[in-house]
Amino acid sequence: MTGQAEACGVDAHLLQTGDELVVNIGPSHPSTHGVCRVIVHLDGEIVTHAEPVIGHLHRGIEKMAENRTYLQVVPLTDRLDYVGSMYANWAYCRAVERLAGIRVPERAEYIRVVMCELQRIASHMMSIGSTGADTGATSAFIYAFNQREQVVDLFEAVCGARLTYNYVRPGGVSFDLPDGWIEQCRAFTRSHPSAMVEIDKLLFGNVIARQRLKGIGVLPAEEAIARGVTGPAARGSGVDWDLRRDDSYSVYPRVDFEIPLGENGDAYDRGRVRLWECVESCRIIDQALAQIEEGPIKAEGLPRLLAPRPGEAYDHIESARGSLGVYLVSDGSVRPYRMHVRSPAFQNLSVLGYLAEGHTLSDLVVILGSLDPVFGEVDR
Amino acid sequence: MALVDDLGRALERTPGGGIILTSLDAVMDWSRGHSLWSMPMGTACCAMELIAASFARFDFDRHGTIPRADPRHADVMVVAGTITRKMAPAVKRLYEQMPDPKWVIAMGNCAVSGGIFYYDTYSVVRGVDEFLPVDVYIAGCPPRPESLQDAVLRLREKIRAESIAPGRSRPAKLVLPSPTDPRAGGVATADDGSGEG
Ligand code: SF4
């Protein structure tokens with residue numbers, strides 16, 4: 001046991017104090033939502049200290065970007081937040097557009113908004129489904145995944161990929177919407193809200209799930225702000241902050257939508273905020289599809305190789321996990337001098353230790369799931 | 001496994017044992033091939049398709065492939081995703097914890113060769129076959145869930161050629177797709193017998 005602990009990098013003396021037990025969860029554990037290792041100190045079944053160990057998926061994407069041209073970086077950003085590839089595409093492209101002063105045609109902006117709201121649904125379905133699986137309700141996962149598959153079908157019709165879209169490009173999007181796509185999308189947004197009501201009843205109305213989720217991992221609003229938590233994880237605590245409204249970008253000012261807020265900041269509220277965001281996303285998509293007009297989907301006269309003037313740019317968007325920012329520095333060449341990603345998943349994961357203290361080991365899994373980290377983005 | 005090995009060896013030596021061995025092999029390979037419980041070693045993006053494969057639309061269970069997160073319950077490890085240098089020891093250890101006979105499917109370009117992360121990065125292992133014996137490779141970034149199911153069927157074909165007697169292979173057909181077969185582009189079977197337990 002001691003040797004094993006040493007091999008995993010845990011101080012052996014902690015094991016000898018008697019009362020405390022150190023348990024390693026991960027890096028391969030079905031409930032860690034990827035490759036995260038959590039070192040948990042336990043007193044009986046109660047967590048006294050939990051520390052996430054990250055870096056098991058560090059692929060050096062930021063460094064790789066320095067050796068790619070601006071266009072070649074786009075597929076790399078797909079692999080950051082792989083549950084919501086469109087966001088990273090878009091955040092990166094916005095930074096490039098700001099750096100190079102590119103104006104994006106209106107139709108492309110609308111398409112981007114539609115895609116990203118669909119992506120929000122796809123991503124939240126994954127999160128809600130795994131909340132179900134973490135609390136032992138696998139059937140909720142299957143219902144949620146059914147919805148996700150429908151969104152993935154829509155994406156596939158547009159760009160041919162199910163997961164790594166590479167769709168949003170600097171200056172626009174890569175393909176126009178195919179014939180009949182808008183009707184297909186409308187059919188989905190018509191059926192989706194009722195499916196959400198169903199999942200709400202099935203999962204969040206279930207007495208077992210309520211007991212497993214309510215009062216678990218309470219994050220007070222001040223703590224959420226102090227620790228830089230964003231996205232549904234913060235809105236579950238009642239922090240009324242959403243970049244789509246508060247630092248509005250693209251065509252979001254022209255659509256009308258609400259921002260669901262939680263009250264208690266527990267895993268239950270975080271989950272339900274995600275659920276109702278999906279319904280709001282449907283509203284946004286409907287409005288955007290009604291407003292969309294014919295036109296070009298790519299900025300005119302873009303050079304094959306972008307070489308922005310030396311300078312730096314930062315831009316951020318509201319991803320399914322929070323505010324996702326990309327910082328780019330250009331030295332005037334065709335490759336970025338430096339790219340940095342402000343990853344919401346990383347920031348949100350940092351509160352895990354704070355939230356898990358005093359809860360049982362089985363609740364730790366629920367708390368981790370409710371923060372919805374994606375390790376491609378945490379480790380980058 | 002040792003017991004089965006001994007039995008195989010003993011049967012091979014016994015006069016007339018070959019007939020029993022062949023029938024036994026047929027039963028063993030049939031049962032092994034049709035309940036390949038998988039250890040989903042999903043590390044990155046490909047894990048999403050791995051999950052999708054086991055849900056309603058693609059329904060992996062109908063091939064007898066049930067995901068088991070515990071290596072001790074698993075027959076085949078599906079490595080789906082990028083393996084970094086930090087992760088590789090854990091993957092190797094999990095593979096070692098799996099009971100024999102065991103097989104490995106490398107799903108996605110990252111697990112096959114490092115994929116998009118082959119160049120310019122300092123932290124990615126260039127293919128899981130650097131430290132694990134891979135039986136079936138699936139190309140794609142990410143491969144579709146159907147490719148994964150195809151890989152399981154191909155693995156089943158490969159298992160059908162295995163014998164319980166160590167070092168003996170059965171004269172079963174190992175069907176490689178013809179160049180006109182649409183499958184030819186997607187999946188290649190490694191016929192080096194490295195998965196033999
Ligand atoms: S092969 Fe592609 S999709 Fe799969 S893990 Fe690697 S980068 Fe992600």
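1. A word on conventions. Residues are numbered from 1 along each chain as its sequence is written, and side-chain values use heavy atoms, with hydrogens and water left out. Because the model is predicted, local features need pLDDT of at least 70 and side-chain atom pairs count only at pLDDT 80 or more, while totals for chains, interfaces and linings use all residues.

2. Chain A splits into domain 1 (2–53) and domain 2 (61–379), with bounds that come from an automatic or database domain assignment. Their C-alpha centres are 31 Å apart.

3. Where the domains meet, 17 residues of domain 1 of chain A are in contact with 18 of domain 2 of chain A (heavy atoms within 4.5 Å). On the domain 1 side, strands E2 (37–43) and E3 (46–53) of chain A each supply at least two residues, and E3(A) gives the most, with six; strands are DSSP runs of at least two residues, numbered from the N terminus.

4. The buried area between the domains is about 1400 Å², with carbon and sulfur atoms giving 70%; this is the accessible area (1.4 Å probe) lost on putting the two parts together, summed over both. In domain 1, A:His33, A:Glu45 and A:Val47 lose the most area to domain 2, together 37% of what that side buries.

5. How many salt bridges cross this interface? The rule finds zero, looking for a side-chain nitrogen of Lys or Arg within 4 Å of a carboxyl oxygen of Asp or Glu.

Notes: Chains are lettered from A and ligands numbered from 1 in the order in which they are written. Helices (H or I, at least four residues) and strands (E, at least two) are DSSP runs, numbered from the N terminus.
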